[in-house]
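Q: I would like to learn how to read a few features of a protein model, going from the whole chain down to a single residue. Could we go through them in turn?

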Amino acid sequence: MNKNQLISSLSKTLLSVLMLSLLSISARSKAIPISQHSLVLMQSRPINGDTIKVVSGVPLKPEDISPLLAGESIPILNLLSSTGENFDVNKSLASKQTILVFYRGGWCPYCSKQLAGLQEIEKDLTAMGYQLIAISTDSPDNLNASKDKGKLSYTLLSDADLSASKKFGIAFKSPKGYDKFLPTTSGGKNVDKLLPVPSVFILSKKGKILFEYINPNITERLSSSLMKAAAMALREDI
């Protein structure tokens, strides 16, 4: 076995260990593994299944989303950065392997903790050849506030109208308690008062989804250590 074959074998073994770890978590959370490189965590539902209710073209419950899966390609995305400038996501990922993270907003304590964790591993991901992009419902001004507060060095993008979240199939109607502030935090663009299910996608330079982690439970996010492990294992596939 030559050096490249050894590295390939070790990477695949590492990814297998990662997936076993995630599947162990999913078993405790009644999760449903979708494919080898996908883990979409859903709550168990009765098999007699009521019709899924939708509003504004999205489901009412986060458990009922239908996200893009590993092996599919991401849609065309043009979003605003924290400076208010247009950011062509597809053009950017064509030049650099990418980890795309969807979070709810800087107002969410679980998201703020996640953003801080991402900052801790940002240099490691950069050293592996990745760029890190995080997308939320926040307006560019609120993204900038999050960037300053957390001293974040990676890219934050605004999906204030949830157009990107809808394309990824991870948008759902927010609970009533969010109605008062979502339009404000989005700069008036989140008129339908939607939220994304927190998600992580590792992408090839061609925009193909190689790995994903999607969990409707807002308190549970992919840990920084598991994200690094997945990123390291997938470098050869990007």
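Q: What share of the contacts in the protein chain with a separation of 6 or more is accounted for by residues 24 or more positions apart?

A: In this predicted model, residues 24 or more positions apart account for 68% of the contacts with a separation of 6 or more. The protein chain holds 7 helices and 13 strands, and buried residues make up 49% of its 238 residues. Its accessible surface comes to about 11700 Å², of which 54% belongs to carbon and sulfur atoms.

Q: How do α3 and α7 pack?

A: Two packed helices are described by the angle between their axes and the distance between the axes. Here helix α3 (residues 109-128) and helix α7 (residues 224-234) pack at an angle of about 15°, with their axes 10 Å apart; angles under 35 degrees count as roughly parallel, and α3 and α7 are therefore roughly parallel to each other. α3 passes α7 in a right-handed crossing, and the residues in contact include Leu-118, Ile-121 and Leu-125 of α3, together with Met-227 and Ala-231 of α7. The residues of this contact divide into 7 nonpolar, 2 polar and 2 charged.

Terms used. Residues are numbered from 1 along each chain as its sequence is written. This is a predicted model: local features need pLDDT of at least 70, side-chain atom pairs count only at pLDDT 80 or more; totals for chains, interfaces and linings use all residues. Side-chain values use heavy atoms; hydrogens and water are left out. Axes are lines fitted to C-alpha atoms, for helices over the stretch in contact, and angles run from 0 to 180 degrees between N-to-C directions. Helices (H or I, at least four residues) and strands (E, at least two) are DSSP runs, numbered from the N terminus. Angles under 35 degrees count as roughly parallel, over 145 as roughly antiparallel, 65 to 115 as roughly perpendicular and the rest as oblique. A crossing is left-handed if the near helix is turned anticlockwise from the far one by less than a right angle, and right-handed if clockwise. Contact means heavy atoms within 4.5 Å. Ala, Val, Leu, Ile, Met, Phe, Trp, Tyr, Cys and Pro count as nonpolar, Asp, Glu, Lys and Arg as charged, and the others, Gly among them, as polar. Buried means under 20% relative accessible area, exposed over 50%, partly exposed in between (1.4 Å probe, protein chains only). Accessible areas come from the Shrake-Rupley method with a 1.4 Å probe; for residues, only the protein chains shown count as cover.
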